[in-house]
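This report describes a two-chain model, taking each chain in turn and then the contact between them. The sequence and structure come first.

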Amino acid sequence: MLQTFQETISRLVTLDRDVLVIAWLSLRVSLTAVGIGLGIGIPVGALLAVAMFPGRSVLVGLLNAFMGLPPVIVGLVLYLVLSRSGPLGSLGLLFTPGAMVAAQAVLATPLVAALTRQVVADAEAHLGEQLRSLGLSAPRRALALIHDTRFSLVTTALAAFGRAISEIGAVLVVGGNIDGHTRTMTTAISLETQKGDLSLALALGLVLIGLVILINALAATLRAHAARAYG
Amino acid sequence: MPAIELSDLALARNGTTILDGLSAGISAAGITALIGPNGAGKSATLRVIDGLLAPDAGSVRIVAAGPVRRAFVFQRPALLRASALANVALALTPLGLSRTERTRRAHAALARVGLGDRASAPATRLSGGEQQRLTLARAWAVEPDLLLADEPTANLDPGATELVEGLIAEIARQGTKVVLVSHNLGQVTRLAADVVVLARGRAVEQGPTRTLLTSPRAPETRAYITGELPWTSFAAAS
């Protein structure tokens, strides 16, 4: 056990290449997926908060349900869609980082949209009447409220990042856990633990936790600064 | 300036009657005050006039030569977490102006309310009085034909109240019809040319401010002016 810890520390201190490659790929895939999730989820969530149309409550219910999509099911559906005989098979994305981005984006987007809807709906309760009285269209009101809640939405982005980077089922199915190509921190930790290479698994685990703490700290700093500036 | 005709307005929410066949004519000139006790339907009437609330029955007819540009000032300033300038400029976006023109008009509006030097300040960091002046700047920037103000000084100290009253009077002087909801009869006397008294969702009396406040005809008006309690005694009497 002591030897495992020593090897883990050694891997981290010497910036072990395996650790760096895997961590960088994980970060790249998850940040891209979260970027896509934010780009789609924030406008959709904000519009659902401000616009009134038939079927809106059904849509909100579905969105909330999709927050809890089982990753492995998402992976399976994407596998079928991206496989050679699937509707998007011609893209050749299966077992590439692109497929993993798609899987994590599918998981992150409903989460972002549902949390954004809640945050924007709370702001709408306070500002909505004023914005409607200004004669602003629903998209313009949504945009104004996204701007108003931008610091709260950082938490939404964090939740999405947490969901994406810690996910294993979907990326394993559509990525294949190919060494040096689609191996992420979570899939590598799982594999290396099974193989008995606990030092690499632990090193990756510590990097994963460190990244999550670092990103949360940055977000907390941003929010504190914003609270001082804008109340 | 537009005149407003309210006919048989009815509005209920969650089983509570808010407007109960309210009919009134609001003159085209100057400032008209809507007064009455809490729950009389004053704020709801303003919202129905603005289109923020759709009445269950009845109609609002705004008599004007052309399209009427409206602005609404709420009791509690509703401001975005953005600069004072951005808050005013936002109100100008539906007008289809260029960004430069929006900024120019927003700066001009802030200067008119005495906030010219606070343009880049976060709106939510302004004092209560400054925030309400900012909402007036936002309303004024769109050069409205009709300004609806719902107890705009209810949360302000006397100094800030005086400033806001001065601005409302100035907006009216420049040709905007103002409909003001207020519980402050001194303010109503200072600002309004005429008054509509509401009680339990109906207009019970209307007329020139001084005449109505010195010689009220409706018992509800007399009770409201003299502060007679409980108000509900009229329900029992009638």
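## Basis

Two strands are said to pair if DSSP finds at least two bridges between them. Helices (H or I, at least four residues) and strands (E, at least two) are DSSP runs, numbered from the N terminus.

The model is predicted: local features need pLDDT of at least 70, side-chain atom pairs count only at pLDDT 80 or more, and totals for chains, interfaces and linings use all residues. Residues are numbered from 1 along each chain as its sequence is written, and chains are lettered from A and ligands numbered from 1 in the order in which they are written.

## Chain A

Chain A has 10 helices and zero strands, so its pattern along the sequence is α-α-α-α-α-α-α-α-α-α. The C-alpha trace spans about 65 × 50 × 25 Å along its principal axes. Of its 231 residues, 43% count as buried, a residue being buried if 20 or more other C-beta atoms lie within 10 Å of its own, exposed if 12 or fewer, and partly exposed in between, with C-beta atoms placed from the backbone. Two residues are in contact if their C-beta atoms, placed from the backbone, lie within 7 Å. Among the contacts in chain A with a separation of 6 or more, 80% are between residues 24 or more positions apart.

Ala102(A) is a residue of helix α5 of chain A. Ala102(A) counts as buried because 25 C-beta neighbours lie inside 10 Å. Leaving aside neighbours within four places in sequence, Ala102(A) is in contact with Leu78(A) and Leu93(A). Val174(A) is 72 residues from Ala102(A) along the chain, and their C-alpha atoms are separated by 9.2 Å.

## Chain B: overall form

Chain B contains nine helices and nine strands. Its C-alpha trace spans about 60 × 35 × 35 Å along the principal axes. The radius of gyration of chain B is 18 Å, which agrees with the value near 18 Å for a compact globule of 238 residues; the radius is taken over C-alpha atoms, and the globule rule is 2.2 Å times the number of residues to the power 0.38. Of the 238 residues, 47% count as buried. Residues 24 or more positions apart make up 66% of the contacts in chain B with a separation of 6 or more.

## Chain B: the two sheets

One open sheet has three strands in the order β2-β1-β4 (chain B), with antiparallel pairing. β2 (16–26) and β4 (57–63) of chain B are at the edges, each with a single partner strand, so one side of each has no neighbour in the sheet. Neighbouring strands of this sheet are turned by 15 degrees against each other on average, direction ignored. Strand β1 (residues 3–13) of chain B is joined to β4(B) by six antiparallel bridges, and Glu5(B) has Arg61(B) as its bridge partner in β4(B).

The other open sheet has six strands in the order β5-β6-β7-β3-β8-β9 (chain B), and its pairing is mixed. Its edges are β5 and β9 (202–208) of chain B, each with a single partner strand, so one side of each is left without a neighbour in the sheet. β5(B) runs parallel to strand β6 (residues 146–150) of chain B, with four bridges between them; Val73(B) is partnered by Ala149(B) in β6(B). β6(B) also pairs in the parallel sense with strand β7 (residues 177–181) of chain B, over five bridges, where Leu147(B) stands opposite Val178(B).

## Chain B: domains

The domain assignment (bounds come from an automatic or database assignment) gives domain 1 (3–69 + 145–237) and domain 2 (79–143) of chain B. Their contact takes 11 residues from domain 1 of chain B and 10 residues from domain 2 of chain B. Helix α5 (residues 158–173) of chain B gives the most to the domain 1 side, with five residues.

## Contact between the chains

The contact takes 16 residues from chain A and 15 residues from chain B. On the chain A side, the elements giving two or more residues are α5 (97–133), α6 (138–148) and α10 (198–230) of chain A. α5(A), the helix that holds Ala102(A), gives the most to this side, with six residues.

Terms used:
Axes fitted to C-alpha atoms, helices over the stretch in contact; angles between N-to-C directions.
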